[in-house]
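Thanks for coming, everyone. Please look at the sequence and the structure on the screen while I talk.

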Amino acid sequence: MNYTKIGKFINELRTEANLTQQELADMIPISRQAVSKWERGITIPNPDTLKILSDIFKVHVEEILVGEKINEKNAIYINNFILKVLDDFNKSHKYLLISIITIIVLIVFFLLYYFLDNYNSIKVYLINGLSDNIQVSNGIFVVTKKQSYFQIGNILYDENIKIDKIELYYLNHENKKTLIYSSEDINVLLTDFYGYNAYFDYKNLKQIINNLFLDIEMNKKMETIKLTLTQDFSNDFLLNFKSKKLYDNKYNESELHSVKNGTEAIIVKKFTQTNNSYFFKEKDFEYTYFPSSHILILKNISNLEEWTYNFELDNLVYDQYHQNELINSFLYFNKKIECQIGDCSLAQEKIDFFQDKLLPFQEGT
């Protein structure tokens, strides 16, 4: 398309109509500078403006695009030219459509790849364990495609026990011991990068999770705890729905505080001090209070139940074991019961029971 020829033709039409550039611009309306650019062959009018110019100058749009009026001599040329313009227009739109479709397909493939690469790529496991003399609780194992974090959690034991060494290991497919960590330091926090396997063999991750053990050497004796890893979270959801059932708690805020207020001071007075903890026993129940962490543990020895209450955080963890395997567990916090393992239909009953067991150690009793 010859911009110079089109511009010259518009100039001739404007001159024949005795219009200035400004007058023509006002009739459309556009700026005078736009008309000037047409006539200098810098730009051409857009399709809507071509129709307006056609009406103003009483000429066909085709004539403006060719830059001359149609007559017998150039009719075939102009017709072929218009067909070529239309063909070029269709081709450009076809290429544009193909480009848009290609971009959309690439975006869809990228989003699909991103989704598949990240779907179910983060898992969070809660770590618990129990033996005759030691309890492991509130541990956490976070596994991602790039990195993992393993923290053994709280190792609770009688203050008369001296822990000399711990060993964290798993049993492989041949039931052979594979050591992960060994140290005198019981505050275990392991950070591992995928591909390095400094601690965890990612190829055997399922085997590790199902066959993880902790050996604790104490007072020259060895005690073994099979650790229970329970999956608490995984980004395997398409929509952000809650995966856990929440049970409303009937207690209001003031009644919950009745567990806290003054109870610790009364416990210190009524329990028997053993080094850095306080101990109390009645029939099948044992109470152990750790003042440094403000944690009270109530054990039902006959039924292998445990209530772990944190006075500072005002939360309660309930665990029930069967042959050293955790079968029921829930967390009570912020007036909600979050079921973690097993059947939590009796969760409210277990909370009521714990509250009743603390009544003798509360103010006003």
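Let's start with a loop. Lys-283 lies between strand S13, residues 277-282, and strand S14, residues 285-290. Bear in mind that this is a predicted model. Is Lys-283 buried or exposed? Lys-283 is exposed, with a relative accessible area of 79%. Now look at its backbone. The phi of Lys-283 is near 50 degrees, a positive value in a residue other than glycine. Why point that out? Because most residues other than glycine have a negative phi, and most peptide bonds are trans.

Here is another loop with a positive phi. Asn-175 lies between strand S5, residues 163-171, and strand S6, residues 177-183. Its phi is near 65 degrees, and Asn-175 is not a glycine either. At 58% relative accessibility, Asn-175 counts as exposed.

Next, a peptide bond. Going from Ile-28 to Pro-29, the bond is cis, with omega near -10 degrees. Where is Pro-29? Find it in the loop between H2 and H3.

Stay with H2 for a moment. Gln-21 belongs to this helix. At 17% relative accessibility, Gln-21 counts as buried, because the cut-off for buried is under 20%. Its side chain makes a polar contact with the side chain of Arg-32, at 3.0 Å. Leaving aside residues up to four places away in sequence, Gln-21 touches Arg-14, Arg-32, Val-35, Ser-36 and Glu-39.

On to helix H4, residues 47-57. Which residues of H4 are buried? They are Thr-49, Leu-50, Leu-53, Ser-54 and Phe-57. Look down the axis of H4: these buried residues fall within an arc of 145 degrees, so they line one face of the helix. What do they pack against? The partners are helix H1 (3-16), helix H2 (21-27), helix H3 (32-39) and helix H5 (61-66).

Asn-46 caps the N-terminal end: a side-chain oxygen lies 3.2 Å from the backbone nitrogen of Asp-48. Just after H4, Lys-58 takes a positive phi of about 55 degrees.

Now the strands. S2 and strand S3, residues 147-151, run antiparallel and are joined by four bridges. They form a hairpin, with three residues between them. S3 also pairs with strand S7, residues 189-193, in the antiparallel sense, over five bridges. In S7, the bridge partner of Phe-150 is Leu-190.

Let's turn to aromatic rings. How many aromatic pairs does a search of the whole structure find? It finds 21. One of them is Tyr-125 with Phe-141: the pair is tilted, 6.2 Å centre to centre, with 35 degrees between the planes. Tyr-125 lies in strand S1 (residues 123-130) and Phe-141 in strand S2 (residues 134-143), so the pair ties together parts that are 16 residues apart in sequence. Both partners are out of the way of solvent by the numbers: Tyr-125 is buried, with a relative accessible area of 8%, and Phe-141 is buried, with 1%.

Compare Tyr-309 and Phe-311. This aromatic pair is edge-to-face, 4.9 Å centre to centre, with 85 degrees between the planes. Tyr-309 counts as buried at 4% relative accessibility, and Phe-311 counts as buried at 2%. These two also belong to one aromatic cluster, together with Tyr-278, Tyr-289 and Phe-354.

Last topic: charges over rings. The charged end of Lys-177 sits over the ring of Tyr-169, 4.5 Å from its centre. What sits over the ring of Phe-285? There, the charged end of Lys-357 does, 4.1 Å from the ring centre.

To recap, take two pictures away. One is H4, with its buried residues lining one face. Thank you.

Definitions and conventions. Residues are numbered from 1 along each chain as its sequence is written. This is a predicted model: local features need pLDDT of at least 70, side-chain atom pairs count only at pLDDT 80 or more; totals for chains, interfaces and linings use all residues. Side-chain values use heavy atoms; hydrogens and water are left out. Rings of Phe, Tyr and Trp (its six-membered ring) pair if their centres lie within 6.5 Å; planes under 30 degrees apart count as stacked, over 60 as edge-to-face and the rest as tilted. Helices (H or I, at least four residues) and strands (E, at least two) are DSSP runs, numbered from the N terminus. Buried means under 20% relative accessible area, exposed over 50%, partly exposed in between (1.4 Å probe, protein chains only). A charge sits over a ring if NZ of Lys or CZ of Arg is within 6 Å of the ring centre and within 35 degrees of the ring normal. Two strands pair if DSSP finds at least two bridges between them. The arc is that of the directions from the helix axis to the C-beta atoms. Contact means heavy atoms within 4.5 Å. A polar contact is a pair of N or O atoms within 3.5 Å; within protein, one must be able to donate a hydrogen and the other to accept it, and residues adjacent in sequence count only if both atoms are side-chain atoms.
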